[in-house]
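Work through the exercises below with the structure open.

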Amino acid sequence: MDLSFLEQLLGSTVEEEEGYRNIWVVAIAWEPHLRACDLQVVGKARNLADSLGAYVNVLLVGDNASEDLARELIAYGADAAFWGAGYPTGHSLLDFFNQHKPEILLFADAAGGRKMAPRLAQRLKCALVTHATDLSINAEERSLVVAVPIYHGAAYRVVECRTNPQIATVQQGVFPTPEYDSWRSGDVEQVELEWKPEPPLTPVEPPAYYIPLEKADIIIAGGRGLSGAGWQLIEELAAAVARRLPHKAIAVAGSRGAVDEGWIGPEHMVDLVGRTVAPALYVACGIRGTFQHFGATEKARCIVAINHNPDAPIFKHADYGIVGEVEEVIPALIEVLES
Amino acid sequence: MRIVVCIKQILDPETIKVSRSQQTIDDRGARKIMNPPDRWALDAALRFKEADPSIEVIALSLGEPDVEDILREALALGCDRAILLSDAYVVKARTAGLAQIIATAIKRLRNVQLVMTGHMALDTGSGTLGPRLAIELGDWPVLMDVDQLRLEGNYATGLQHADEKYYHSSYPLPAVATVLQTPAHPRYAHGADIINAYRVRNVEVWSSLALGIDPTALPAPTTGRQLRIPPARQMGFIVEGTPQEAAQTLIAMLRARRVI
Amino acid sequence: MDLTLPKEYDLLRRMIRDVMENEFAPVAEEADEKAEVPFDAIKVAAKAGLFGIPFPQEYGGSGAGETGYVILMEEISRVDSAMATVVGAHIGIAAMALYVDGSHALKEKYLTPLAQGTKIGAFCLTEPAAGSDAAAIKTRAIRSNGNWVINGTKIYISNGPFADLFSVLAVTDPALGARGGVTAFVVEKEMGTKIGVVEKKLGIRASATSEVIFDEVEVPTANIIGQEGLGFVTFMKTLDLGRVTVGAASLGGAQKALEMIIDYARLAEKYGMPLAHQQQVQFMIADLYCDIEMLRGQVYRTAWMVDNHRPFAREAYVCKLRGSEIASKAVSYAMEIHGVLGLSRDYPLERAFRDARIAEIFEGTNEIQRIIIARDLLKEVGVFIEP
């Protein structure tokens, strides 16, 4: 079997195809307002478009899409906004983009986009990168360069798209929300796509699981630097974080000192003689930071330390430290979280 | 009823090292394992089988011959069949082509009502195989990032996780489900099943010829890839200012770093 | 010569490690503190087949042979030596006696539930006056109405308090003594065995050790393991097989101690530098590593010899003798390096220290091992030492 043309196909770059231009964003209005994640994508698209010399067009769909929301999108940075109230069928979306030929097509990595993007990409057999944490343009090739975290963030895969359209879904909160500029103008057009009945999404209570300390995402830990009454603050901080991030597993723990003082049970002790933890974020409040404590927390991906003693050894092992009274810093943190 | 679970072999994240000088991942001494989210999907499928023994669970994977190990593990856990798609051409397939090949294999199996996979592959950070398969199989519905997947008559129901919330969804079979990890630990394979998985059971190996695929007609890979290693963690940074200022700055930095 | 183990053993090892870390590690400390056997975890382990790893699948086991059994003991000991004692007594001697010489019918009846873990076994040899000199046992089995009636007391029986089946050695003809006068029986708890004193131990506290009293216990003739009068042969064969796995258990324990030492040396600081910079610590680490590597080679090679039907008795003695000593040394070094932390009841090291000592004592004391090895070698050159 002659495979030379197969090798050519696998090894070649694809030339820029005729007619693919402009950056498109697909936004979804599940509720009668625009989602922050969609606006962040529009803002970044604006950025990318300026460096490419292209326009930013937005397609707004969803049951609550409206002309008003479309106009808002113009103010947030779009040059043109197309809208239609409803959830488009795969085929009509395919036809729409075959007609408009976007060079780059962006979705927010959120409800709707997560499913829509891969399905569209499969129909188009084009480039798709998901969960992006960074977007940039390779000016020579006019291609989108996307960074995606792999292996729990230990490294990033940097992907350069080779076919048009180049589709990417962007993680929430990566890019800043753009400014609302009421002076911006642009075209707003209603479109008629084929709509399909999508059952309304009603959120339910997240299932309750017992999260062992070793599997928590975020741990708030307290040490002897608190006083007995001060232990309350640890619980309050954990509650505030849990409210802010309801889908993450938050747990409370204590250093050996806190357990010896009786403020928390020994099953919550983080120490070489207790439990070893590896959360995404470990907040050590009023903990001095002996090597036994460090040995149990060194696998945490990010450590924050709060202690009134600037010479406390814990600051050497923490990514971020705040020197101050725990009784003042924790309430300040809670205030920022709630705002 | 037939359930197909698509599993992937990846390098164990605990055994790889990151080389800052060479901006690459050092995989010498790295162990190959089944992608943990796919292990959860397998577990969920086997639980359906436990509840209804007439359900047939088939594990499917694609890659080099040593991917056979994860399929043997799937057999040890209780799958009825294990199929490896492997030859010189299919192992080079990526994304769209990959979905096409796997879908062809699933269609060949006939009467498959549910296709399950983990919500993400840890080594690529992407979770698009489920929706892509759904298109190739004939525009099937997808339960994405689903928790508590259940089979109720001719429907697949579950809690889809999106935007930090859970939504109850129900789609008619046949459907695709990408399964979310849950904190409890999965089942253990029985010692006898482990021994038998290697000494008695078979892993079927299908090539592109057997699938009737023309490898030249597969879509070409659409992206080029490189690795970027983030800089080493800097410890000992002190956030200055009054408690209020420090708190603001700290939260902003944590947000920028995508920790919260 | 390919020395890599076939891949099924890797998967087996990983499964056992998962079970140990998920089910036993969290409860090991409490079980030791309260001297209670963790039955819930044992049930999960039994369901995964851990109580019958080496035995043929025909009798409810996994069919992994001695190699699989060695892997099992190594992985269990990494986490909990007390569990190694429970499983070792159950598989390695109680069920093993049935496996080596039991008839097919006897194996079907008793080995299967033991391998499946639905019944727990205990091995009854030692008596108050018969420890190292096992030939001096006094427990008597007398013919009666076509059955046998057993009377006697066995002591220091692992799993005694909760075992369902007992492999017992009793004297059937005092005149013939050890050669031809001793028979092995399998006795069910329901036949009337009684539990006497339960030992309060220094180490392996989460395993249960007690007296087992036979007071007019009637046992059918069908329950004889092997041949009447040849019970000693059966039990000696069984103990030979058990010896390899004491070595494997020591390997797991020593490996764990070395890991603890390296971890501690990395974290603790003396004179502003990690302890690892002290030469004496480096020497300890290097010496232990050498010992462990050699033990590993010996244990797995001996297991291979067992599985491939080669004579293995001498190699097994080496496994037990050196293995138990290496494990004790490893734990001892670990205590030295950890300092006061090693004494802390909250840290697993002091439990490992207490657990390690027994390996030099049970399954034939190390003194006996030395005598037997020497005797065996000297026999070849014509020097016969009286037992």
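This is a predicted model.

**Exercise 1. Find how far apart the centres of the two domains of chain A lie.**

Solution. 
- Start with the bounds. Domain 1 of chain A covers 17–196, and domain 2 covers 213–338.
- Take the centres over C-alpha atoms. The centres of domain 1 and domain 2 of chain A are separated by 40 Å.

**Exercise 2. Describe the side of chain B that touches chain A.**

Solution. 
- Count the residues in contact. Chain B contributes 68 residues, which meet 69 residues of chain A.
- Next, list the elements of chain B that supply at least two residues each. The helices are α3 (95–109), α4 (129–138) and α7 (243–256). The strands are β9 (142–152), β10 (155–162), β11 (165–172), β14 (223–228) and β15 (237–238).
- Pick out the largest share. α7(B) provides it, with nine residues.

**Exercise 3. Work out which strand of chain A is joined to β14(B), and in which sense they run.**

Solution. 
- Identify the partner. Strand β9 of chain A, residues 155–161, is joined to β14(B) by six bridges.
- Read the direction. The two strands run antiparallel.
- A:Tyr156 sits opposite B:Arg228 in β14(B).

**Exercise 4. Decide how strand β1 of chain B is placed, and which strands it pairs with.**

Solution. 
- Check burial. β1(B) spans residues 2–6, and four of its five residues are buried, so the strand is largely enclosed by the rest of the structure.
- Take one partner. β8(B), residues 112–118, runs parallel to β1(B), with five bridges between them. In this pairing B:Val5 faces B:Met116.
- Take another partner. β6(B), residues 56–62, also pairs with β1(B) in the parallel sense over five bridges. Here B:Val4 is opposite B:Ile58.

**Exercise 5. Judge whether chain C is as compact as a globular protein of its length.**

Solution. 
- List the secondary structure. Chain C has 11 helices and 10 strands.
- Compare the radius of gyration with the globule rule. The radius is 21 Å, close to the 21 Å that the rule gives for 387 residues, so chain C is as compact as a globular protein of that length.
- The C-alpha trace of chain C spans about 80 × 55 × 40 Å along its principal axes.
- Look at burial. Of its 387 residues, 53% count as buried.
- Finish with the contacts in chain C at a separation of 6 or more. Residues 24 or more positions apart make up 72% of them.

Conventions:
Residues are numbered from 1 along each chain as its sequence is written. Chains are lettered from A and ligands numbered from 1 in the order in which they are written. This is a predicted model: local features need pLDDT of at least 70, side-chain atom pairs count only at pLDDT 80 or more; totals for chains, interfaces and linings use all residues. Two residues are in contact if their C-beta atoms, placed from the backbone, lie within 7 Å. Two strands pair if DSSP finds at least two bridges between them. Domain bounds come from an automatic or database domain assignment. The radius of gyration is taken over C-alpha atoms; the globule rule is 2.2 Å times the number of residues to the power 0.38. A residue is buried if 20 or more other C-beta atoms lie within 10 Å of its own, exposed if 12 or fewer, and partly exposed in between; C-beta atoms are placed from the backbone.
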